[in-house]
Amino acid sequence: MTLVYVAMFAGLALLFDGGSGDAEALAFQLSLPGLEEELFYRGLILLALNEALRSRVRFLGIDWGWGALLSCGLFGLAHAFTTADATPAFDALYFALTALPSLLVVWLRERSGSLLFPVLVHNAGNSLMLFL
């Protein structure tokens, strides 16, 4: 799954401009986004939703529940809503490009039982966007 996630972000980096790859941007992408977002979405939110919504389906070696889908949807929504000239906007493509890869991160979280791998692949994916 890690290779699938990194390959997905490499493909996205080749399709979309990821910005400049200076040392400050790299340091940021290698540390904070994955740490704060994974702790919140795949830590707190996923745990709370999994506890509240207990039905599960076994697929790809983990038990998927509504918590996984909803936490990924919330992650996508948080990235898709923006403001342009003080006008709220929703970018459906950005929603899809963040919510769908987060399913792979949920798999890593549930399979490993740890947040370490989700943080590492999240930061690796974000960093790839700077250099490809």
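Predicted model: local features only at pLDDT ≥ 70, side-chain atom pairs only at ≥ 80, totals over all residues.
Helices (DSSP runs of H or I, at least four residues) and strands (runs of E, at least two) are numbered from the N terminus. With that in hand, L35 is found in helix α3. Residues are numbered from 1 along each chain as its sequence is written, and side-chain values use heavy atoms, with hydrogens and water left out.

Let's step back and take in the whole protein. Its secondary structure comes to six helices and four strands, and from the N terminus on the order is α-α-α-β-β-α-β-β-α-α. How does the radius of gyration fit a compact globule of 132 residues? Such a globule would come out near 14 Å, and the protein has 15 Å, so the two agree. (That radius is taken over C-alpha atoms, and the globule rule is 2.2 Å times the number of residues to the power 0.38.)

Now for the contacts, meaning heavy atoms within 4.5 Å. Of the contacts with a separation of 6 or more, 70% are between residues 24 or more positions apart. As for cover, 36% of the 132 residues count as buried. Here buried means under 20% relative accessible area, exposed means over 50%, and partly exposed is in between (1.4 Å probe, protein chains only).

What about the outside? The protein exposes about 7600 Å², and carbon and sulfur atoms supply 70% of that. These areas come from the Shrake-Rupley method with a 1.4 Å probe, and for residues only the protein chains shown count as cover. On the surface, F28, L32, L35 and L39 form a nonpolar patch with about 350 Å² of accessible area together. Patches are made of residues with over 30% relative accessible area and no salt bridge; like charges are joined within 9 Å, and nonpolar side chains (Val, Leu, Ile, Met, Phe, Trp, Tyr) within 5 Å. Helix α3 (residues 32–52) gives the most to this patch, with three residues. L35 has 41% relative accessibility, so it counts as partly exposed.

Helix α3 also has a charged pair to look at. R42 and E38 meet in a salt bridge, at 2.8 Å from N to O. For a salt bridge, a side-chain nitrogen of Lys or Arg has to be within 4 Å of a carboxyl oxygen of Asp or Glu. R42 and E38 both lie in helix α3, four residues apart, or about one turn of the helix. Are they buried or exposed? Both R42 and E38 are buried.

By this rule the count comes to three salt bridges. Another one joins E51 and R54, whose closest N and O atoms are 2.5 Å apart. E51 is partly exposed because its relative accessibility is 44%, while R54 is exposed at 57%. R58 and D63 pair up too, with 3.2 Å between the closest N and O atoms. R58 is exposed at 57%, and D63 is partly exposed at 39%.

Finally, have a look at two loops. Most residues other than glycine have a negative phi. L60, in the loop between β1 (56–59) and β2 (62–65), has a positive phi of about 55°. A86 sits in the loop between β3 (81–84) and β4 (87–90), and its phi is positive too, near 65°. L60 is partly exposed, with a relative accessible area of 46%, and A86 is exposed at 76%.
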